[in-house]
Structures are given as C-alpha cells and as structure tokens.
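Thanks for letting me look this one over. Here are my notes, point by point, to read alongside the model.

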Amino acid sequence: MLEMRPDCERCGADLPAEVGGAFVCSFECTFCAPCADALDEACPNCGGELLDRPTRSKALQAKFPASTVRKFAS
C-alpha cells in the first residue's frame with residue numbers, strides 16, 4: 001500500500017491523498033506537478049521516473065490512513 005505522503009519533497013506544497021496532482025517514483029519520493037515538471041519527471045533522489053500518484057478516497061483513508069510524516073526539509 002502506498003504511504004500517500006502529505007507534501008512535495010522539493011517545495012513543501014500540501015498534497016492531500018484524495019486530490020490528484022502528486023507524482024511519485026518507485027520509492028514513493030513525492031513531488032507536486034510543478035516540481036515534477038521542473039525536474040523533467042525524473043526523481044532527484046534515485047533518478048527514477050516520476051509518475052502520477054493515484055488518489056485515495058476519504059472513505060478509504062478512515063481504514064487506510066495516508067502518512068502524516070512530511071518529507072520537505074527547508
């Protein structure tokens with residue numbers, strides 16, 4: 001199951017699990033659409049491809065909560 005990280009690792013933008021617009025690599029490094037575009041859809045951590053992260057409905061988050069651990073380091 002995906003962690004559904006709550007923020008962009010590059011700029012800190014909020015990325016709620018139930019909303020589209022997040023991009024992830026195979027290690028779940030997470031970026032917003034503008035940052036993924038600026039990175040040319042390549043993860044700066046592992047070099048992997050950044051792809052659209054699926055969404056998780058609020059109903060499913062009750063049973064399978066999204067992560068609350070933020071990865072942005074200012």
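1. Let me start with a term: a salt bridge here is a side-chain nitrogen of Lys or Arg within 4 Å of a carboxyl oxygen of Asp or Glu. By that rule the count comes to five salt bridges. In one of them Arg70 pairs with Asp7, with the closest N and O atoms 3.8 Å apart. Arg70 sits in the segment after helix H2 (58–63) and Asp7 in the segment before E1, so this pair ties together parts that are 63 residues apart in sequence.

2. A word on the ground rules. This is a predicted model, in which local features need pLDDT of at least 70 and side-chain atom pairs count only at pLDDT 80 or more, while totals for chains, interfaces and linings use all residues. Residues are numbered from 1 along each chain as its sequence is written, and side-chain values use heavy atoms, with hydrogens and water left out.

3. Back to Arg70, whose side chain also meets Asp14 in a salt bridge (2.9 Å, N to O). Asp14 lies in the segment before E1, so this pair joins parts that are 56 residues apart in sequence. How buried or exposed are the partners? Buried means under 20% relative accessible area, exposed over 50%, and partly exposed in between (1.4 Å probe, protein chains only). Asp7 is buried at 0%, Arg70 is partly exposed at 43%, and Asp14 is exposed at 56%.

4. Glu3, Arg5 and Glu9 are linked in a network of salt bridges. Within it, the side chains of Glu3 and Arg5 come together at 3.1 Å, N to O. Arg5 counts as buried, at 10% relative accessibility, whereas Glu3 is partly exposed at 34%.

5. Taking a disulfide as a pair of cysteine sulfur atoms within 2.5 Å, the structure holds zero disulfides. For Cys11, the nearest cysteine sulfur belongs to Cys32 and is 3.7 Å away. The sulfur of Cys46 has its closest cysteine sulfur in Cys25, at 3.8 Å, which is too far for a bond. Cys11 is partly exposed at 38%, and Cys46 is partly exposed at 37%.

6. For the overall fold, helices (H or I, at least four residues) and strands (E, at least two) are DSSP runs, numbered from the N terminus. The protein has two helices and three strands, in the order β-β-α-β-α along the sequence.

7. Glu41 is worth a click. This residue is in the loop between helix H1 (33–38) and strand E3 (51–52), and is partly exposed at 31%. With contact meaning heavy atoms within 4.5 Å, and neighbours within four places in sequence set aside, Glu41 touches Ala36, Gly48, Glu49 and Leu50.

8. Finally, Met1 is in the segment before strand E1 (22–24) and counts as exposed, at 73% relative accessibility.
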